[in-house]
Amino acid sequence: MGDRLGELSPCMQGYVTLVRNDLARMGIDTEILYTGRDRGEFGLTMVNGATKAKSFGDSFHSQKPLTAPPAEEGLYKALAFDLGIPQTRSAVTGAVRRYNWEDPRYKVFGQVAGKYGLTWGGRFKSICDMGHIQGPRIARPGPEHWAMTPEQLDAWCRKEIEENRRLLALAS
């Protein structure tokens with residue numbers, strides 16, 4: 001897993017940094033668990049029941065055209081990332097031992113994401129995904145996104161996030 005920032009859309013790379021920095025200032029340590037998912041990882045999440053996406057490319061973690069040849073799959077970037085709040089670490093290797101998805105700090109995590117107009121998985125109705133943050137839910141991934149160039153996808157992401165932030169400011 002690791003810090004796979006390169007798999008995120010450039011605008012989402014900026015947002016993961018903002019969210020993590022805000023949380024760090026509050027004393028909440030986070031680790032990047034997932035960004036983009038390739039076909040194999042997507043298949044595992046389906047088998048494990050960890051996604052509601054119906055097919056590869058239908059998830060904010062795999063914003064890639066279904067028709068793209070395997071060599072071109074890396075062209076399209078993810079609009080989602082999953083963060084974990086480590087509960088214990090190995091003193092020797094620094095490896096995380098486990099995550100507690102009921103940790104109340106994930107609600108703070110959701111508030112920080114909302115501040116930037118992002119969607120927090122802890123608010124999903126179909127599956128509770130406490131560590132998940134994605135770009136706006138205004139437009140669901142689909143063929144119109146698969147046809148976009150990486151630059152167009154990034155511009156769409158930035159525009160939708162700014163619109164979400166504007167709407168949140170008006171509501172408060």
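Residues are numbered from 1 along each chain as its sequence is written, and side-chain values use heavy atoms, leaving out hydrogens and water. Since the model is predicted, local features need pLDDT of at least 70 and side-chain atom pairs count only at pLDDT 80 or more, while totals for chains, interfaces and linings use all residues.

**View 1. Strand S2, mostly covered.** Strands here are DSSP E runs of at least two residues, and helices H or I runs of at least four, numbered from the N terminus. Ala 80, Asp 82 and Gly 84 point one way, with Phe 81 and Leu 83 going the other. In a regular strand, side chains alternate between the two faces of the sheet.

**View 2. The partners of S2.** Strands count as paired if DSSP finds at least two bridges between them. S1 (residues 31-34) runs antiparallel to S2 over 3 bridges, and Tyr 34 has Asp 82 as its bridge partner. S6 (residues 132-134) is antiparallel to S2 too, again with 3 bridges; here Ala 80 partners Gln 134.

**View 3. Helix H3 and what follows.** H3 covers residues 105-115, and its buried residues include Tyr 106, Phe 109 and Val 112. After H3 comes Gly 117, with a positive phi near 80°.

**View 4. Phe 109 and its contacts.** Leaving aside residues up to four places away in sequence, Phe 109 touches Val 19, Leu 23, Leu 83, Trp 120, Met 130, Gly 131, His 132 and Ile 133 (contact: heavy atoms within 4.5 Å).

Notes
Buried < 20%, exposed > 50% of the residue type's maximum accessible area, 1.4 Å probe, protein only.
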